[in-house]
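Me: I have a structure open and would like to go through it by question and reply. Please keep each reply brief and end on what was asked.

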Amino acid sequence: MPIHATDQGWILETSATGYALGLNQAGLLVHRYWGLRLPDLADYPAAASPAPWGFNSAAQLTPEEYPGYEDIKFIAPCLKVTFADGVRDVVLRFDSAELRETDAPELCIHLRDTVYPFRLTLHYRVHEAYDLVERWVTAANDGDMPVTIERIWSAQWHLPPGDSYRLTHLTGRHMDEMHLRREPLVQGVKVLESRRMTTSHHHNPWFAIDRAPSTSSGRAAEDAGDVWFGVLAWSGNWKLSAEVTDFGSTRVSIGINDWDFAWRLGGGETFSTPSSYAGYSAEGFGGASRRLHDFIRDSLLPHGHAIHKVLYNSWEATEFDVDERSQIALAELAAKMGGELFVMDDGWFHGRDDDTAGLGDWWPDERKFPNGLAPLIERVNALGMDFGLWIEPEMVNPNSELYRAHPDWVIHFPTRTRTEARNQLVLNFARPDVQDYIIDQIDRLLAEHNIVFVKWDMNRNVSEPGWPGAPGDPRELWVRYVQGLYRVWGALRERHPHVVWQSCSGGGGRADLGILRLADQIWVSDNTEPTARLAIQEGFSQIFPANTMEAWVTDMGADYLPLAFRFHVSMCGSLGVGGHLVRWSDAMRAEAAQWIALYKEIRHVVQLGDCYRLRSPQAHPFSAVQYVSKDRAEGVLFAFRTHLPPPTQLPALYLRGLDPNASYEIEELPGVRSGQAWMQAGLSVELNDFESAVRRIRRV
Ligand code: GLA
């Protein structure tokens, strides 16, 4: 069992790390250590019991594992509640601890309010092989009177004492997601959040923190140095608060956003937060990413080791202008090139000619498909391909039969204008009747057709967040909506276990570890221009493995980038094609067929192997990424050059992840050399502007 109970408290050990907590002399549950595993249990520091000083109480100075709002304490608390009598603080003290063995070893620490019948359980699950600790909390109201929860975060993660840390996070927007940002953490609070109801294109609930160079071990890099990292597994409003106090203490709190949030916890009820997973890596940002990738593939994804098929998606070719003839024309060409899955995007359902109508009416448009979808699906299957479909179940156009029948089903305030975005309104997925209706509709669609892939889209964010007739506090909407979404998606998954699901929200607006329990893939961005995509994919790879990263070759960039470059970019993930194949020349289609054939030979390495980012495309016009199979017998190297002014001398690439003592050969490079040599002496790949290369690596 990697959880140890000693007289100093508890120590959670993973393969390489240790995480210690315990009670201090004041009886507070205190953080003790997080970092490289220490040789002996006695090595872990004892719980600190700071003395008060001036305006700063002992509580203010104590690194509590899960501080509630109480005492003379002003650091960001994890918990804020109001009791029925109006008391607005919460005084939690240790009650008991228990060890459980569920999917992974788990430590539960039960805290109790000193006066009110209110309990809080801190859950710690140890994912030993991935160096991850999972935390979440459950609040229980053991009394008769309701308690209003105003903030309940999943965890507060403490960095080792020190105030010279640097935060790395992801920022962006629709069409330009996942840019890496690195900034020093200084005294005060740095907040990242979503208030949009989705995870958002703008920020992601992920952090990676390293030390500033003034400390002994220095800044972390891609493949070396101390990095503390974590995520929140949640697909709705979230908040990350990175706080540095005036006393050299740095902590990151993460959880459901408390903005416009309240939860009425009735007598006898419980509330559980989503999980936050966090870890420590001594192998830099790359080591942090690989731990998350492995964990996501092994433990989170429904079928994390399934190889994804090469798909064709019709959106960028035909947009809303779909019908049987146009789709079959594309499908025939896609099949000839080696496509394995044909996905019809938006435009196929009742009344959908453009984005002004149809959302909500999930049956085939009678004018476009007079005989239903069956003839198209049968033709696609006869071509040897599977069939997939786009849906956007959370939405409704006012111009739809669903909205005309149920105008009250959307999120709205009765007295306010219902603000439309892309001419659509958001169905209130917090309502069980709405959930049941959508489960029925989509279930029927899947039951009546041979559909094995669903792209689930979500193309606007929430405004006027009203819920007339809400059974509890209407501000529960933000959480109950996401719980409803998970319920609907989960029910459909269960009824149709063979279906592969993709999470899309106008591209990468819903990319998180919460949705990856239900979705197999993520549509990373609506921007498919390959040079932009390189940067977006680099950001995405900080968290997510390549098998979840669907990447299409489209017509974006076609006038200035070779087809090879465009394919190589998409071959770094789960390859798809989305160009207008009818307009492609025979020569292009023949070349595409070759790249698809090559991809099929290497995709097990890309999708399921270890990812090493050798040179950052966000930082350099010459970039490279490498994938290595788990047994280190084979690998693939991709290199890209965008524009570099002459004269240019391209830097050497130093491979990673090979067995140093084994011999390897690399396609198009002379000689057999040891893994050590390829990693230490490096190699060169010569490229002109807007050229790229893919090189297979084989152990001999
Ligand atoms: C969103 C998606 C696109 C496409 C369109 C269809 O923008 O991200 O890939 O499916 O919707 O309307």
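Reply: Glutamine 483 has its place in helix 8. The model is a predicted one.

Me: Is glutamine 483 buried, partly exposed or exposed?

Reply: Buried requires under 20% relative accessible area and exposed requires over 50%. Glutamine 483 has a relative accessible area of 33%. Glutamine 483 is therefore partly exposed.

Me: How far is the C-alpha atom of glutamine 483 from that of phenylalanine 429?

Reply: Along the chain, glutamine 483 and phenylalanine 429 are 54 residues apart.

Me: With which side chain does the side chain of serine 235 make a polar contact?

Reply: Serine 235 belongs to the loop between strand 15 (227-232) and strand 16 (238-244). A polar atom of its side chain lies 3.4 Å from the backbone nitrogen of isoleucine 515. Between side chains, there is a polar contact of 2.6 Å, and the partner of serine 235 in it is tyrosine 486.

Me: Is serine 235 buried or exposed?

Reply: The limit for buried is under 20% relative accessible area. Serine 235 has a relative accessible area of 1%, so serine 235 is buried.

Me: How far apart in space are serine 241 and serine 253, C-alpha to C-alpha?

Reply: Serine 241 is part of strand 16. At 3% relative accessibility, this serine counts as buried. Serine 253 is 12 residues from serine 241 in sequence, and the C-alpha to C-alpha distance between them is 5.2 Å.

Me: What separation do the C-alpha atoms of lysine 190 and alanine 242 have?

Reply: Lysine 190 is found in strand 13, residues 188-194. With a relative accessible area of 25%, lysine 190 is partly exposed. Lysine 190 and alanine 242 are 52 residues apart along the chain, and their C-alpha atoms are separated by 5.1 Å.

**Loops**

Me: What separation do the C-alpha atoms of leucine 41 and asparagine 56 have?

Reply: Leucine 41 is in the loop between strand 4 (29-36) and helix 1 (58-61). Its relative accessibility is 33%, so leucine 41 counts as partly exposed. Asparagine 56 is 15 residues from leucine 41 along the chain, and the C-alpha atoms of the two are separated by 32 Å.

Me: What is the phi of asparagine 423?

Reply: Asparagine 423 lies in the loop between helix 6 (401-405) and strand 25 (425-426). At 28% relative accessibility, asparagine 423 counts as partly exposed. Although asparagine 423 is not a glycine, its phi is positive, at about 60 degrees.

Me: Does glutamate 464 count as buried or exposed?

Reply: Glutamate 464 sits in the loop between strand 26 (453-456) and helix 8 (477-495). Its phi is positive, about 40 degrees, although glutamate 464 is not a glycine. Buried means under 20% relative accessible area. At 17% relative accessibility, glutamate 464 therefore counts as buried.

Me: Is the peptide bond from proline 646 to proline 647 cis or trans?

Reply: Proline 647 is in the loop between strand 33 (634-641) and strand 34 (663-666). The peptide bond from proline 646 to proline 647 has omega near -5 degrees, and this bond is cis.

**The ligand**

Me: In which pocket does the ligand sit, and which residues come nearest?

Reply: The ligand sits in the second largest pocket. There are 13 residues around the ligand, and those that come nearest are Asp345, Asp346, Arg422, Lys455 and Asp526.

Me: How many residues of the shell around the ligand are charged?

Reply: The shell around the ligand includes four nonpolar and three polar residues. The charged residues in the shell number six.

Me: How much of the accessible area of the ligand does the protein cover?

Reply: An oxygen atom of the ligand is 2.6 Å from an N or O atom in the side chain of aspartate 346. An oxygen atom of the ligand also lies 3.1 Å from a polar side-chain atom of asparagine 459, and a polar backbone atom of glycine 507 is 3.1 Å from an oxygen atom of the ligand. On its own the ligand has 310 Å² of accessible area, and the share of this that the protein covers is 95%.

How values were computed
Residues are numbered from 1 along each chain as its sequence is written. This is a predicted model: local features need pLDDT of at least 70, side-chain atom pairs count only at pLDDT 80 or more; totals for chains, interfaces and linings use all residues. Side-chain values use heavy atoms; hydrogens and water are left out. A residue is near a molecule or strand if one of its heavy atoms lies within 4 Å of it. A polar contact is a pair of N or O atoms within 3.5 Å; within protein, one must be able to donate a hydrogen and the other to accept it, and residues adjacent in sequence count only if both atoms are side-chain atoms. Accessible areas come from the Shrake-Rupley method with a 1.4 Å probe; for residues, only the protein chains shown count as cover. On a 1 Å grid over the protein atoms alone, a cavity is a set of points where a 1.4 Å probe fits but cannot get out, and a pocket is an open set with protein on both sides within 12 Å along at least five of seven lines; lining residues have an atom within 4 Å of a point. A molecule sits in a cavity or pocket if more than half of its atoms lie within 2 Å of its grid points. Ala, Val, Leu, Ile, Met, Phe, Trp, Tyr, Cys and Pro count as nonpolar, Asp, Glu, Lys and Arg as charged, and the others, Gly among them, as polar. Helices (H or I, at least four residues) and strands (E, at least two) are DSSP runs, numbered from the N terminus. Buried means under 20% relative accessible area, exposed over 50%, partly exposed in between (1.4 Å probe, protein chains only).
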